[in-house]
Amino acid sequence: VNERFSKRRTFRAGLRAGLPFALAGGVVAISFGVLATQAGLSPLAAILMSAIVFAGSAQFAAVAILAGGGGVGSAVGAAALMNSRFLPMGVAVAPSLPGRAPWRAAQGQTVVDASWALAAREDGSFDRWLLFGSSAIQYLTWTGGTIAGALGGDILGDPAKLGLDAVYPAFFLALLISEARSRRARSAAALGALIALALVPFTPAGVPVLVASLGALIGLTRRAQVEAAA
Amino acid sequence: VNTSVALIAGCALVTAAIKAAGPVALGGRELPRRFIAVVTLLAPALLAALVATQALANGRTLGIGPRRMEDRLDHRLRDRRRRGHRRAARALGGRPPKGHHFAVRLERVRSLRRMHAQRIQLILTVNGERHEVDVDTRSTLLDVLREQLGLTGAKKGCDHGQCGACTVLLDGRRVNSCLLLAVAVREEVTTIEGLADGDELHPVQAAFVEHDAFQCGYCTPGQICSAVGAIGEARDGWPSAVTEDLEGAVELSEREIRERMSGNICRCGAYANIVPAIAEAAG
């Protein structure tokens, strides 16, 4: 009884913790809805895409390629590239997910950027109910925002004019600030940013993010482990 | 519809697969930090390798497209002619150049470049209507309008931006459509065909009829679109070279109209009627 109670409580805490990111995500979703319908998807398709795919950067990348005249294959390829950051994230979460393989796979679907960062504990494990809670609220606003954007896009006009396109970077910046508390975390972040900046001119979208994650290796030096233990 | 279904299904599948991979393979187990490090290290490396092989298979090296490859080979050919075989041999790493060697590589790169050319699907919104067009990347907006969309109102006079007969409006701003690549157009296009509201003429069109502001009429579509744009610019307070007061909306005096319409040339010389027509439409 006690355990169930605490599960429910962490889930609710997750809902609350995820709320600011969910609101920002909702605004981003509005602009996704507008862009997707402008790119030639029907409103229904745009909404379905958000409801089923639920991965912002990948959706933007795929739709942008489609709008630029690219094929479905390259659009899906770009989505895969943008999503490949979930691979190391999934590996990190894996030890904290109990159950058989299909159940673990299902739980793994709830990994999104903000929830993953929120659910991370100091010791490297993850609070899965916090993960579920914060993802749940983000799922609601993401789908809701897309509905608003896809159906009300004509009223809204060009999302860039309202500055909605600036919400996405701000979203990740907020995540970063809450994570980068220690000096070492900050240097890992700076290193990652440098790597990404250096690669952006040469490589397709998605690759810089991945290679930049090498910056995280700073956290694995012996001294960092000693500091973490202390 | 098929495209949408394929897109959604494809994206959903890859996303689900990527998210499931870690938990399925390693779930419920305590992992050493070193292992996580290796995965973070390997995932980008694998991916970079994948992207690189793909790029090479498409005939591109990363960052160096066929275009630049061709330039480099061209350069080497010229070099060889100018300074003799020995210099070229050094450029190729000491191998004695064979005549066909350069030519064959150059031809291969050229054919790759032809493959990479050149047609693109665009969505153009013209006069409130969405059109999906398949265009050569080099075609101008004017040619696409006239030849692919059948909107022959905008005229090709000089085809290099001097006569204004091709003037159309992009989100209300005037452009010479003969100088604008169709692939660069993201705004809504309005041509002379889109100005009237059903049977009711646009005020500028009505004023042109009223004042008999044309003779042969060839430049008229451009004149009218340009006038609509000019009236809008004056209303929004954009100054011209002859505007004295830079604050607030501009009043369209004859001098202002002549200055602002100077990009539209009329060989019949109907200016004497064009100017009053625009003055009346501007109110």
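Which residue in strand 5 of chain B does L169(B) stand opposite? Keep that in mind; the tour ends there.

**Before you start**

This is a predicted model, in which local features need pLDDT of at least 70 and side-chain atom pairs count only at pLDDT 80 or more, while totals for chains, interfaces and linings use all residues. Residues are numbered from 1 along each chain as its sequence is written, chains are lettered from A and ligands numbered from 1 in the order in which they are written, and side-chain values use heavy atoms, with hydrogens and water left out.

**Stop 1: rings in chain A**

Select F11(A) and W129(A). Their rings form an aromatic pair, 6.4 Å centre to centre, with 75° between the planes. Rings of Phe, Tyr and Trp (its six-membered ring) pair if their centres lie within 6.5 Å; planes under 30 degrees apart count as stacked, over 60 as edge-to-face and the rest as tilted. This pair is edge-to-face.

F11(A) lies in helix 1 (residues 2-38) of chain A and W129(A) in helix 8 (residues 128-156) of chain A, so the pair ties together parts that are 118 residues apart in sequence. Helices (H or I, at least four residues) and strands (E, at least two) are DSSP runs, numbered from the N terminus.

An α-helix has 3.6 residues a turn, so residues three or four places apart point the same way. Ring pairs link F11(A), W129(A) and F132(A) into a cluster.

Which of these is buried? F132(A) is, with a relative accessible area of 12%. Buried means under 20% relative accessible area, exposed over 50%, partly exposed in between (1.4 Å probe, protein chains only). F11(A) is partly exposed at 27%, and W129(A) is partly exposed at 26%.

**Stop 2: an arginine in helix 8**

Select R128(A), in helix 8 of chain A. R128(A) counts as buried, at 18% relative accessibility. Its side chain makes a polar contact of 2.8 Å with the side chain of Q107(A). A polar contact is a pair of N or O atoms within 3.5 Å; within protein, one must be able to donate a hydrogen and the other to accept it, and residues adjacent in sequence count only if both atoms are side-chain atoms.

**Stop 3: across to chain B**

Select K19(B) and F86(A). K19(B) lies over the face of F86(A), 4.8 Å from the ring centre. A charge sits over a ring if NZ of Lys or CZ of Arg is within 6 Å of the ring centre and within 35 degrees of the ring normal.

Now show chain B whole. Chain B has ten helices and five strands. Of its 283 residues, 40% count as buried.

**Stop 4: a hairpin**

Select residues 119-126 and 129-136 of chain B. These are strand 1 and strand 2, which run antiparallel and are joined by eight bridges. Two strands pair if DSSP finds at least two bridges between them. Find Q121(B): its bridge partner in strand 2 is D134(B). The two strands form a hairpin with two residues between them, and N127(B) in the turn has a positive phi of about 50°.

**Stop 5: helix 6**

Move to helix 6 (141-148) of chain B. Its buried residues are L141(B), L142(B), D143(B), V144(B) and L145(B). They pack against strand 1, strand 2, strand 3 and strand 5 (189-190) of chain B. Just after the helix, G150(B) takes a positive phi of about 70°.

Go on to D159(B), in the loop between helix 6 and strand 3 (167-170). D159(B) has a positive phi of about 60° although it is not a glycine.

**Stop 6: strand 3**

Select strand 3 of chain B. Both of its faces are covered: T167(B) and L169(B) on one side and V168(B) and L170(B) on the other are all buried. In a regular strand the side chains alternate between the two faces of the sheet.

Four bridges join strand 3 to strand 4 (residues 173-176), running antiparallel. In strand 4, the bridge partner of L169(B) is R174(B). This is a hairpin with two residues between the strands, and D171(B) in the turn has a positive phi of about 50°.

Two bridges join strand 3 to strand 5, also antiparallel. In strand 5, L169(B) stands opposite T190(B).

Conventions. Contact = heavy atoms within 4.5 Å.
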